[in-house]
Structures are given as C-alpha cells and as structure tokens.
Amino acid sequence: MARKKPTDIIEMVEGHHSATYPLRDRMEQDHKLYRLESYDAGDGYRSYTSNEPQVMADKIVSWLTSAEMVVRIPFNGNERDQRDNNNQKERFLTGILRAADDNLTMRMLPALRDQLAWYTTVRGWYAGRALLVKNDKGETKVDITPWDPLNTYWGEGPDGLEWACYKLRKSPADIRRQYGIRSLGVEEDRDESVCVYDFYDREDNYVVMEDRILKKRTAHGYDGVPCFVGMVGAAPLIQSDEVGSDAVADYGESVFKHNRENFENNNFMMPTMLELTARSRKQGLKVTSRDGSKTLDEDPYKEGTEIALAQGEEIEPLGMLEMAKESGAFMGLVSSEVQRGGLPYSIYGELQFQLSGYAINTLRQGIETVLAPRIQSLEKAYRSIFTIVSEQYASGRFKAMEVSGRDRDRMYFSDEISPEIVKSGGDPEVSIVSQLPQDDMSKMTMAQIAREGETPLLPDIFIRDMILGLQDADQLDDVIKEQIAEKALPEASLWSLLASLENRGRGDLAQFYYGELMRLMMEKVAATKMAMTTGFTGGGPGGPPPPPPGPGGPPLPGGPPGLPPEVMPNAAMGVPPVTPQGGPVAMPPGSPRPGAIENDEEQMRRMGLVPPRQG
C-alpha cells in the first residue's frame, strides 16, 4: 500500500467526521445526560436536575462488568488430544485478557471490560486496537486498548475494515516524551493540547500530527486492520430522503435512546415542585403604605420579629401558589414512560406495595430489552479481539507466551502455551451470562437427571460441557477420578492421609499412618506369595473360579500329599503371617527388618509404594 502523508490521513479522518457528524453530535448530547448537566429553570427560580440518566447507565454498566464471561470451544466429539489443545487455547485467551487488564491498570485506565461496558452503554458503540508487540527483550506483550467511539474513524471495504484511526489530544510535553521529538517548532510554545492521529491500515501503522510524522511507517504484522469497531442494537444504517443524513444518528444507540425527551420533561416539572416547596416555607408578602415605598428591614418569618407600622401601612401574605391539578397525573405518566424505556424502579428496591416473588421476577424480565443488546455487543467485541490476537500469535512471529489467570471454574492456571497449540485449537465461543442463583440449581438438576438410571441419557463429558457449560471438562473428569482413586483402596486412603500430614509438618502423627500402611502392604505381599506358592488365585469378581480340590487343585487341609505338616510353612497350613507391631515404636521408618520382611519392604520401596527411609 502506498505511503501516506499526514495531510492524507487528516483528510480521510475529516471526511469521515463530516459523514457521521449527526452520530457524533448525538454521542455528545448523551454524554451530557450522563454527566447530569445542570438544568437551568431561569433567573430567580430554583433548578433541579434528576440523577435518573446516570443512575440507570451505571446500573447497566455494573451488570455488564459483574456478569460471568465464559470462553469455551465446544466439545463436538473431538479426540482427547484435540480437546486438550482446545482447553489450552481457552486458557490462552483468558490469559491475554488478564495481561491486557494488567497493562491498562499500569497506565491508570479502567479494565478492558469496564471500558467496553461504559462505551456500549453511553456511546452505543465500541472500538479499539488489539496487538501483540515485542519489548526490548524480545518478549511478547499484549496491547488491547479500547478507544472512545466518539473519536474513532474508519473506512470499510469488501473484506471489512480498510483503515481505522484514533484521534486524541496530547500536550506538547507528552508528545516530546512519548515519541522522542526534541522540538515541535511553533507547537512548542503552545500551552493547549495538539491533535494526534493513530492510524492503521491493512499493513502499517502511522502516528502523525498536523505537520509532521511522530511515528514513521511501521508494519504491524497482522493480515488486516488490527482494530475492532462495532455498534449496539439491531437497527441497520438507513438511508432516507425525508430524514436525510441525520439517520446515521440512529445507527448504534445508547441506553438513553427511549428517554431523552422524558428526562427533559422530568427536569422541567421537578423545578416547579421545588420552587413551590421553597415558597411554602417563605411566602411572598404584600406591603401597603401611603406612597408605596415601604420596605421591611427585618425578616417577618423569624420567630419574635417586631415590625413597626404607621397608620395606613399593612403587611399581608400573598397566599400559596398551587400546581395545576393535572400536574400529578402528567408526572406519573412521565415516570411510567421512563420505566418502560429504561429500568423498572423495582430494580432499585422501590416497591410501592407488596409484590410476590413471581411478580418481581416478571418485572425483572423487562431488563432484557435494555441489557441484551449490550451483552451481544460485548460478545462481538471479544470475538473480534480473540480472532485478531490468535491470528497474530499463530503466525509464528512471536515467542511462546506464559499466561495466567482463572478459568471458567475458578481454577488458577499459569502455563506457557505455544503458537502451534493456538493455531490447532478450534474457534472459541464467548458468552456473557448474568444469571440468578436459581439458574445454577436448575442446571444442576437437569444434569443429574441426564445421568441417572442404568443407561444415562447423556455421557458425563457432554453433560459437563453442554448442560453445565464447564470449561475444560476433561480436566474436571480427571480430578473426579483422582478423588475416587483416593478412596477406592484402603492403602490409597492411608497414603493420601500420610502425604497430607507430611505437607502440614505433622511427622509425628504421620508415623502412625506409615506403620498402618506398611502393615497393610505386608499382608498383601504375604497373601500374594502364598497364592503363588499354592497356585490359588481366588475366585473373586473378574477372576477365574477356584479349581476343585484334588490333583491340580488347591491343597487339601493338612498340606499337599507327601509333605509332613512339620516341614510345611505357616502360610500353607492356613496360619496368618506373623508381622511386627505397627506404629512408630515397633516399626520406625528406616529401622532394619530381618529376613524376608526386609526384602519385601525394599521391594515395595523400589516400586514407589512406600516412602523412602528417613535419615
């Protein structure tokens, strides 16, 4: 692509600004609503500004930021290796979000989702850049920075974005410090800020100002524009001869869409009530005198005030003013429309009368009309971010990154994930869910029903992945099997208790379990040797039935024929093996054991079944 001069970039930005001016003017007016710009009732009258716009917007932002975000690649019946790659890619995407938040926090900016939630609520749009960059040490760093849609400009082509530019104002001192510019010429003497243009096309990145290039042409390394731009809502861009160019203002609406005029009417009515309330405390007075020049030096409303009046002079209250009888009904209608266009007051805990739980939940369903479009826009923004970052990382131009964070199941991870794993992983799905506790219970109940019975309706991995929506169902399956394995065998349970006591520093108490574990293992070894000597393996579940007594079968009582009982071993006579007393006194770890017992213990130690000797 051809090189661009600062004048070329500024011309592209100004052209897009002119085409979208009604949209940007609407954003400015919405921001004034959010900032609670004071309503002016006129000179001499009390003014009142409702906090409704800001409270409603902050409530929605709070829901968006506190909702649970799930990043998952569906199961789809893949093999275990592919599922492992998918799970690692899920952790990679979760980790880059945490790295992006850490980067924004160091720059004293809100977290990524906090900014996106605010922009989608107040502006009705979202925008930003998503880049992987290398620092001076060659390490890969994440740079995901949201942009204010008001100052974001872009151009579209057949394959999506062709270019995007973020226009911001910086002081000359900041420009010199950030871009290493020693002198700005005439700009150096200015105290006011200067417009800086951060421009991206499908190949390069420029940073320019009015008359110079601050950052020369630099390839960003992404096959496309490494930026994301999107709007809120389902309304497309309409071209109408009657509406004209103002139709672009409806393209991507804020949360104030339905109530802009209602807020103004409310601010008109409330100052009237405030003024009348103030006058009820101190009414106007009519002072009568001969020449009409009589004034009061004292406040007649103070307790104990005395006023001297001459003959013919008189003081009389003017009387109370009242609002029109229809004012109350009108204010009720405005309040109702504000709730229909925004949030019901029951969300804030305002209940004028007792309601059932069902009625309250029904009122809460009205939230979806306001909340759902913003949730969908956040999901689109994150999918764009994941696509841009994953393609950059999978290109092989960056070293393997170590990412950390907490996955969907609140399990901490810290792994180094290679670009090959990200490249081979599937496409992620992003869902932002604001759910009530009863939603979790219903999912658990559904999952339990699906796996009950002799023949379950669904396999466990499908239940965990699709019904419960858990991340990395294979890892959870392994953890569950590990938990079962700890309790399936007595020696496994003793080993787990012994390891826990050692980790807690309770070696004295661990000695008792060590002795019990050794006794149990010795009994199993002795039983195995007896079975090998006698040729009897038992007829337990899964094994062959015992052969009948006699030739080729187990020995008859009294030992095999031809061998006198005096020379038979105790095991062959049915006498249980004699084992030393368990516990720290009879069997301290590391103490020598005579004969076969010594050999058995050493054999189990070499197999890793018992811990090495201490000391």
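Why does Leu36 count as partly exposed?

Mentor: Leu36 counts as partly exposed because its relative accessibility is 23%, where buried means under 20% relative accessible area, exposed over 50% and partly exposed in between, for a 1.4 Å probe and protein chains only. This is a predicted model, in which local features need pLDDT of at least 70 and side-chain atom pairs count only at pLDDT 80 or more, whereas totals for chains, interfaces and linings use all residues. Residues are numbered from 1 along each chain as its sequence is written, and side-chain values use heavy atoms, with hydrogens and water left out.

Leu36 sits in the loop between helix H2 (21-34) and helix H3 (52-66); helices (H or I, at least four residues) and strands (E, at least two) are DSSP runs numbered from the N terminus. Although Leu36 is not a glycine, its phi is positive, near 55°. Met108 likewise has a positive phi, about 60°, without being a glycine. Its place is the loop between helix H4 (80-106) and helix H5 (112-123), and Met108 is exposed, with a relative accessible area of 76%.

A further loop, between strand E9 (227-231) and helix H7 (260-281), holds Pro236. Pro236 is exposed at 52% relative accessible area. From Pro236 to Gly252 the separation is 16 residues in sequence and 8.3 Å in space, C-alpha to C-alpha.

H7 packs with helix H8 (residues 327-341) at an angle of about 145°, the axes being 10 Å apart. Axes are lines fitted to C-alpha atoms, for helices over the stretch in contact, and angles run from 0 to 180 degrees between N-to-C directions. The crossing of H7 and H8 is left-handed, that is, the near helix is turned anticlockwise from the far one by less than a right angle. Among the H7 residues that meet H8 are Phe263, Met269 and Met273, and the H8 residues include Phe330, Met331 and Val334; contact means heavy atoms within 4.5 Å.

The strands E4-E5-E6-E7-E8 form, in that order, an open sheet of five strands with antiparallel pairing, where two strands pair if DSSP finds at least two bridges between them. Its edges are strand E4 (152-157) and strand E8 (213-219), each of which pairs on one side only. The twist averages 10° from one strand to the next. Within the sheet, strand E5 (residues 160-170) and strand E6 (residues 194-201) share eight bridges in the antiparallel sense, and Trp163 has Asp201 in E6 as its bridge partner.
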